[in-house]
Amino acid sequence: MPPAAQHLTQLDDPHATEGTRRLAWLAQDAEGGPVGSAFLRFFDRDGQRHLAELVIRVHPAERRAGVGSRLLAAAVEAARADGRSTVLASADGDSPGELFLAAREFRRVLRLTYTRLTLADADVDALTATAGRPHPGYRLTEWDGTVPDELAASFALSRGAMDDMPMDDADYGKVAWDVDRVRAVAEAVARRGDLLHTLAVIDESDGAVCAFTELVVPGGREGDGEHYGTGVLPPHRGRGLAGWMKATQILRVRDRHPRLTGLVTDTADSNKAMRAVNDALGYVPTHRSCEYQLDL
């Protein structure tokens with residue numbers, strides 16, 4: 001039987017963003033019908049120029065016919081040609097994708113658990129108690145979209161709180177955050193029509209942001225919101241700030257966006273502190289995925 005994919009067509013992604021660009025490949029059968037695709041994202045910021053991120057999709061009926069292998073070979077060749085040393089790919093746990101990657105010299109470097117809070121089932125009394133617990137020396141603030149000018153510098157510095165987030169053996173590199181970058185993220189979310197809501201903790205001794213949590217609300221203000229990141233700077237950890245922020249944000253979202261049905265997030269299995277926070281707030285696991293890495 002001839003292979004399902006008779007040829008690959010390489011495409012350039014017209015939607016490049018600041019700091020990243022993508023290549024794409026379309027696999028077609030002898031009649032020109034699509035049977036699979038691959039996307040390879042290059043990260044071009046300092047600290048991540050070694051990295052490429054791969055997504056391969058093959059139609060279930062066309063699997064085990066060499067389609068995925070040809071797409072992978074094309075993507076790896078392009079990564080080498082661009083001087084990349086690391087290719088990362090994700091797969092759902094115990095899925096055909098995980099078996100495919102494991103059989104092709106990728107090694108599993110990180111396990112993630114995805115969780116969801118059903119807002120209708122949220123324990124409002126418990127959340128209110130957590131949100132109302134006093135934290136002397138700290139206060140909460142919040143904003144939609146771009147960070148206010150007076151907090152921009154300290155907010156950018158606070159993003160470093162995620163630099164030591166457990167990532168096991170995954171080589172994501174490290175990118176410095178500055179004011180321009182945090183503003184660019186907010187602008188990118190706004191261009192999609194979504195709403196970025198940030199809730200932060202202010203250290204009253206100096207007026208600087210020392211912790212934050214971000215949530216993206218869909219443009220239609222319904223469905224599920226998605227947590228982007230939560231971080232607490234090391235000197236302020238162990239004081240319950242993460243739970244304080246997230247409980248307050250959940251209550252805010254329930255009031256402001258009554259058509260939202262849930263909030264979703266993902267956490268590394270090794271990040272026990274954040275997993276404990278989410279468990280206490282009522283988030284329930286929905287599925288798991290694994291990050292695989294190919295060292296070129």
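**Exercise 1. Describe the order and pairing of the strands in the open sheet.**

Solution. Twelve strands, written 12 in the count, form an open sheet in the order β1-β2-β3-β4-β5-β12-β6-β11-β10-β9-β8-β7, with mixed pairing; strands pair if DSSP finds at least two bridges between them. β1 (7-12) and β7 (138-144) stand at the edges with a single partner strand each, so one side of each lacks a neighbour in the sheet. From one strand to the next, the twist averages 25°.

The model is predicted, local features need pLDDT of at least 70, side-chain atom pairs count only at pLDDT 80 or more, and totals for chains, interfaces and linings use all residues. Residues are numbered from 1 along each chain as its sequence is written, and side-chain values use heavy atoms, leaving out hydrogens and water.

**Exercise 2. Classify the packing of helices α3 and α6.**

Solution. Helix α3 (residues 124-132) and helix α6 (residues 241-256) pack at an angle of about 130°, their axes 8 Å apart. Angles under 35 degrees count as roughly parallel, over 145 as roughly antiparallel, 65 to 115 as roughly perpendicular and the rest as oblique; α3 and α6 are therefore oblique to each other. Across this packing, Val124, Leu127, Thr128, Thr130 and Ala131 in α3 meet residues of α6 including Trp244 and Leu251, contact being heavy atoms within 4.5 Å.

Terms used
Helices (H or I, at least four residues) and strands (E, at least two) are DSSP runs, numbered from the N terminus. Axes are lines fitted to C-alpha atoms, for helices over the stretch in contact, and angles run from 0 to 180 degrees between N-to-C directions.
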